[in-house]
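Okay, everyone, thanks for coming. Let me put the model up and then walk you through it.

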Amino acid sequence: MLLIDCPCCGVSGEETEFAAGGEAHIVRAGPGSSDADFASYLFDRKNPRGVHFERWRHAFGCGKWFHMVRSTQTLEVFGVYKADVTSPPQDILDRVEAARAEGRVK
Amino acid sequence: MSELDLSLARPILEGVSDTGANGLKLFVQLLRGMVTLRADLSSPSVAAAVKDVTGSDMPDVRKATENVLWMSTDELLLLMPYGEGGAVAAKLGEALAGEHHLAVDVSDARSLFKLEGGAAREVLAKGAPVDLARDKFAVGDLRRTRISHIAAAFWQSGAEPDVFEIICFRSYANYLWEWLEESSREGSMPGIL
């Protein structure tokens, strides 16, 4: 069970109040991209054993989308941030690097 | 168990179930005027318009006043007697003309329940993933969350004995009524809150 802090409404809620929305920061291919690139944009997703950047929605709460970084291996949550950015904030990346340096995640 | 007729053709305005030795009382109000307002809640003109139609100040995040509920970072639910929703939505529309907003009469979208009694927070804690300890959830606090499987919101409107008001989508009202009755049964309270 994950305990998630919603960055929009501030609730610290349990996982069942949220809905997972898949991999984050996927860049759209095209217009004018090759079929292979566009198919990759549509279908290819990472499935790491370790740090994963994800989209989540506070489905039963404030209803807002946001981003979360967590480890699929240990369920450690490295941080949450707003939906309207194309890359994670540096402090969360630093936390991920620190966890990697300590060997907690791959 | 009392039976509740939820048919739209013959709406029952108030249903009451006294669940016995727990001292819990469960009320349902199927018809309540409700207006959803989506707007920038930090805007002074929005606060003024809300004050004008409800008499209430803007609630803080996850708070409820007597007739204004915080629903999201950009959404309020205003409560009023049934039948007045259209007029309130129109008044908000006039007051906020030119400002980005949405005010809609949604009186028929949700049903309202009231759960009253010392064990009320234990009943809710059985179905909602919310810390309902007395020092964590008090009068005026609101959570929009789930109860059992369904989306719902509840807020505490009274203390000693605790009073919680609960809203859910009207099509789920029968489910929630039965869930609340089931969860209020005598002898089923963990007795920790």
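So, to start: how many residues of domain 1 of chain B are in contact with domain 2 of chain B? Nine residues of domain 1 are in contact with seven residues of domain 2, where contact means C-beta atoms, placed from the backbone, within 7 Å.

Quick housekeeping. This is a predicted model, so local features need pLDDT of at least 70 and side-chain atom pairs count only at pLDDT 80 or more, while totals for chains, interfaces and linings use all residues. Residues are numbered from 1 along each chain as its sequence is written, and chains are lettered from A and ligands numbered from 1 in the order in which they are written.

Back to chain B. Domain 1 is 14-30 + 109-183 and domain 2 is 33-105, with bounds from an automatic or database domain assignment. Their C-alpha centres lie 23 Å apart. On the domain 1 side of that contact, S8 and strand S9 (150-158) of chain B each give two or more residues; strands here are DSSP runs of E, at least two residues, helices are runs of H or I, at least four, and both are numbered from the N terminus. The largest share, three residues, is from S8(B).

Now, the inside. The largest nonpolar core has 51 residues. By that I mean buried Ala, Val, Leu, Ile, Met, Phe, Trp, Tyr and Cys residues joined through C-beta atoms within 7 Å, buried being 20 or more other C-beta atoms within 10 Å, exposed 12 or fewer, and partly exposed in between. Helix H4 (residues 173-183) of chain B gives the largest share, five residues. Both domains of chain B contribute, so this core lies between them. Leu78(B) is among the residues with the most contacts inside the core, and the residues Leu78(B) touches include Met34(B), Val53(B) and Val88(B).

Lys51(B) sits in helix H1 (residues 44-54) of chain B and, leaving out residues up to four places away in sequence, touches Ser56(B) and Asp57(B).

Last thing, the two chains. Nine residues of chain B are in contact with 13 residues of chain A. On the chain B side, strand S8 (residues 142-147) gives the largest share, three residues.

How values were computed
Contact = placed C-beta atoms within 7 Å.
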